[in-house]
Amino acid sequence: MDERKIRVVVAKPGLDGHDRGAKVVARALRDAGMEVIYTGLRQTPEQIVETVLQEDADAVGISILSGAHTFYFNKIIDMLKEKDASDVIVFGGGVIPDADIPGLLEAGAGAVFGPGTPTPECVEWLEKAVAEKRSKE
Amino acid sequence: MDKLIDKALAGDTRAIARIISLIENGDPVSDAVMRRIYPLTGRAVVIGITGSPGAGKSTLTDKVIESFRKQGKTVGIIAIDPSSPFSGGAILADRIRMQRHTGDDGVYIRSMGTRGSLGGLSRGTREAVLLLDACGKDVIVIETVGVGQSEVDIIKLADTVCVVLVPGMGDDIQIMKAGIMEIADVFAINKADKPGVDRVAAEVRLMLDLVKNRPWTPPVHLTIAENGDGVDEFAESILKHHDFIKNSPEGAKVEYRRLSSEVEDILLKNLSRRTEKIWKNHMSEELMKELAARETNPYLVAADILKKIFPHG
Amino acid sequence: MSSEYKDAKAKFEASVAKVLQRNKERKENFTTGGGLPLERFYGPDSLPSADYVKDVGFPGEYPFTRGVQPTMYRGRFWTMRQYAGFATAEESNERYRYLLSQGTTGLSVAFDLPTQIGYDSDDPMAQGECGKVGVAIDSLRDMEILFDQIPLNKVSTSMTINAPASVLLAMYICVGEKQGVPMDALSGTIQNDILKEYIARGTYIFPPKPSMRLITDIFGFCSENVPKWNTISISGYHIREAGSTAAQEVAFTLADGIAYVEAAKQKGLDPNVFGERLSFFFNAHNDFLEEVAKFRAARRMWARIMKERFGVTNPKAQMLRFHTQTGGSTLTAQQPENNIVRVTMQALAAVLGGTQSLHTNSMDEALALPSEKSVGIALKTQQIIAYESGVANTVDPLGGSYVIENLTEEIEKKAFEYIGQIDDMGGMLVAIEKGYVQKHIQDAAYEYQRSVESKQAIVVGVNQFQIEENRGEMNLLTVDSSVGERQIAKLRELRESRDNIAVKNSLEDIKKAAGDESENLMPHIIKAVRNYATEGEICGVLRNVFGEYTENIVL
């Protein structure tokens with residue numbers, strides 16, 4: 001077996017156009033050797049989930065700065081469950097108030113990274129989470 | 001594994017996606033999978049779309065999907081982006097332009113990184129195409145990397161190779177140099193609302209005229225992928241070429257050539273895997289020292305090993 | 001330089017060399033935040049410009065390096081304009097009236113994303129987004145509520161709206177009508193800058209060509225009917241937020257400006273006329289000296305571009321007037337109170353750079369929408385600079401500073417280099433299509449991120465001087481999710497009560513006009529708005545005619 005690459009979908013749900021963070025993270029994940037499927041802006045939860053399935057992604061990272069995070073996290077996590085794909089790791093970041101984070105984690109998000117998180121922290125966490133996920137396969 | 005294949009053949013997206021990953025990762029089960037699905041292949045129209053960056057390949061692919069969907073055909077897309085030679089990672093962003101088809105059950109899009117393979121394709125592209133074929137996709141589109149380098153491997157996979165050019169990018173000459181012109185079955189001059197389109201089209205036709213008595217003369221289409229102009233006609237030419245391939249002696253030749261290269265590639269892949277193993281077994285600290293001291297040389301060592309593998313030459 | 005100076009300097013340098021042998025400096029190379037080299041010391045011999053009158057000049061005079069008015073803030077302070085808006089028109093109206101009562105002198109409307117992208121609140125694409133980053137406006141009815149008890153002849157209003165700018169401007173005009181304020185008495189600004197949406201901000205709708213037409217239609221209409229309106233705010237703010245350097249911010253913004261002027265000229269409009277109504281919008285970032293120089297450089301460059309490139313002779317059309325907002329991306333979620341200090345310095349840089357209006361960010365914006373208290377502090381920050389610091393009492397106080405004049409010239413040089421490359425490519429539209437601009441910005445953004453991670457750049461509280469903190473204490477503003485439902489109910493009621501035949505006819509009218517490039521769309525849009533056609537309906541018609549843009553990703 002050659003090498004099993006980590007495949008991650010990085011998505012911008014909704015109408016929010018602030019993609020600096022998503023792009024910086026996408027590049028950092030690539031530089032860490034991962035394959036990043038970048039969906040671009042204005043994605044519906046349906047599109048994001050279908051992309052995850054078609055691309056056989058291990059994880060999906062969502063970036064939201066518009067305040068609509070609770071809506072989108074819940075929707076995406078629910079739809080993954082519906083599609084029998086709740087093993088897919090969901091993580092994200094953006095402008096997300098601390099008070100909302102416990103709710104997102106409880107709903108099934110693996111991690112929520114706030115502004116100022118160094119990208120290596122994000123990479124490290126994801127590598128670990130994917131290794132753990134794969135060990136259960 | 002058999003269950004996963006059954007699910008894939010029944011059209012389950014995640015199963016198809018998973019198998020492509022296994023193949024792409026060089027998982028040992030790949031050969032068995034291919035042996036099982038191969039009898040189901042050979043039905044799809046396999047199209048390659050190549051051309052330099054900025055030519056609008058993805059947008060054109062998006063509109064080609066639409067055109068085939070209007071005819072009720074199901075479509076699979078393999079979109080290839082370059083992997084970073086440094087990290088091995090990749091940003092796969094071709095599907096952005098096709099995202100509106102995500103959610104259409106008749107369309108499956110898969111992004112692949114080149115993972116070190118040259119020639120414009122990725123490792124596992126061939127197998128992914130065969131799998132989508134076996135799973136019943138009517139049309140399969142391979143969008144090559146498009147880095148402007150020689151991307152000729154596509155002829156080993158596609159029935160019909162489409163080359164996308166664009167006026168005013170100054171790279172048409174590059175493409176001609178790179179030998180891309182020779183592999184084209186259909187041309188699209190995209191962004192045809194830009195100045196210089198007539199010049200590019202004329203140049204292409206001139207080049208085509210240099211070869212007399214072709215059994216198939218590649219048609220040259222002007223397209224504006226952004227709004228879909230000319231795309232239906234372009235798609236029609238693709239199907240026409242496919243008909244031609246399937247119903248002419250030239251077509252049979254192409255088919256034989258492709259099958260032959262398929263066998264060759266599989267042989268090569270297996271041999272190289274084995275070679276790696278044999279060399280690892282053969283290699284020793286002592287041998288490396290001898291090599292370094294120039295007491296023996298790589299040619300002699302290789303000849304020695306070959307004699308052991310093929311005692312009869 | 002005199003020989004006396006030369007001798008003195010040689011002596012100084014010799015003594016510095018000795019000091020350096022004993023104590024190395026903190027870094028080998030010092031640069032600005034944008035990577036421009038910084039010398040140890042600037043003196044009279046490092047003043048770049050030999051020709052003061054030609055290159056620096058006097059305030060209010062070409063090339064306006066020192067400011068666009070002769071008396072600057074001695075005449076009148078800058079406009080303190082706080083960007084605000086959330087939830088519904090009712091709630092935002094209340095916030096505006098609070099701000100006005102607190103001494104704000106101009107309004108700045110933030111719209112929610114569905115409004116910015118031309119979707120009504122009941123559109124499936126609007127789910128979860130209504131009222132989140134700004135106020136939800138679906139029809140003239142919402143706009144009437146938004147400006148209730150705010151006389152439009154007394155305030156100037158800036159609206160951050162781009163792709164559907166015509167529709168929102170039309171609504172503003174109609175609110176004026178209802179208040180009895182004629183068009184020529186309205187003053188304010190629409191952002192209306194689509195190019196930076198493709199580059200950096202993401203709220204585009206239509207492809208570039210029809211978008212440019214909508215913009216030039218507004219130029220044409222307002223020149224004749226709304227003469228005091230700033231028809232565009234050519235924005236570097238978001239380019240900088242997306243990660244560009246200071247020099248790139250200036251370069252790409254002015255290159256956008258060039259593209260607009262060219263498009264309008266092609267339409268037969270006179271840059272001496274519409275040029276007066278072009279305004280700009282910049283970011284104020286952390287590197288204080290570089291920022292002050294940036295504003296001065298931008299002003300000088302635009303004057304030169306308008307005069308030399310477009311032959312503009314009207315001084316008012318050569319002036320670069322600009323709004324500034326402090327840099328949102330410099331705010332940290334960690335130790336949010338520190339942001340007050342950052343904002344203060346950024347605001348000071350904007351004032352020393354000669355801004356015409358200013359928005360100061362609130363300390364909690366890296367966490368959520370700003371609360372009323374933090375908005376208050378942000379506004380007070382401006383008032384303290386204006387009334388207490390004394391910097392507003394003389395014009396361009398940093399003018400003539402060796403380092404400032406030097407950096408002003410360096411930024412101009414660097415920015416003109418970029419503009420030259422863009423010209424060579426065939427202009428800004430081609431450069432955007434090729435991803436040239438996006439690529440430069442993303443590379444700069446990534447490089448900055450890496451320098452923070454390697455601690456080459458220090459962000460207090462983030463990668464150094466961190467403390468354990470409990471942010472649960474912060475009082476954050478949240479928009480409750482019922483906003484969408486309330487808007488949807490209002491829309492349903494509107495669609496039942498309005499004259500639907502008139503709506504249908506006026507939409508049909510827009511469709512026809514959209515197909516005919518020689519027609520100005522503005523009057524048609526105003527008519528539809530007056531009939532209470534919704535924003536989503538109008539943009540929907542235009543979407544059908546113009547098509548939609550898909551982003552061009554370069555990573």
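**View 1. Helices α8(C) and α10(C) meet in this predicted model.** Here we look at α8 (residues 208-225) and α10 (residues 246-266) of chain C, whose axes come within 10 Å and cross at roughly 70 degrees. Because angles of 65 to 115 degrees count as such, α8(C) and α10(C) are roughly perpendicular to each other. On the α8(C) side, the contact is made by Met212(C), Ile215(C), Thr216(C) and Phe219(C); α10(C) brings Ala259(C), Tyr260(C), Ala263(C) and Ala264(C). Of the residues in this contact, 7 are nonpolar and 1 is polar, with no charged ones.

**View 2. Nine strands of chain C form an open sheet.** If you follow the sheet across, the order reads β5-β4-β3-β2-β1-β9-β8-β7-β6 (chain C), and the pairing is parallel. The edges belong to β5 (229-230) and β6 (232-235) of chain C, each of which pairs on one side only.

View 3. Take Ser233(C) as a landmark: its bridge partner in β7(C) is Ser279(C).

**View 4. Helix α6(C) packs on the sheet.** This helix, residues 165-179 of chain C, touches β3 (157-159), β4 (188-190) and β5 of chain C. The direction of α6(C) makes about 155 degrees with that of β3(C).

**View 5. Helix α15(C) lies across β1(C) and β9(C).** Our last stop shows α15 (residues 372-387) of chain C over β1 (79-84) and β9 (357-359) of chain C. Relative to β1(C), α15(C) runs at about 165 degrees.

Definitions and conventions:
Residues are numbered from 1 along each chain as its sequence is written. Chains are lettered from A and ligands numbered from 1 in the order in which they are written. This is a predicted model: local features need pLDDT of at least 70, side-chain atom pairs count only at pLDDT 80 or more; totals for chains, interfaces and linings use all residues. Side-chain values use heavy atoms; hydrogens and water are left out. Two strands pair if DSSP finds at least two bridges between them. Helices (H or I, at least four residues) and strands (E, at least two) are DSSP runs, numbered from the N terminus. Contact means heavy atoms within 4.5 Å. Axes are lines fitted to C-alpha atoms, for helices over the stretch in contact, and angles run from 0 to 180 degrees between N-to-C directions. Angles under 35 degrees count as roughly parallel, over 145 as roughly antiparallel, 65 to 115 as roughly perpendicular and the rest as oblique. Ala, Val, Leu, Ile, Met, Phe, Trp, Tyr, Cys and Pro count as nonpolar, Asp, Glu, Lys and Arg as charged, and the others, Gly among them, as polar.
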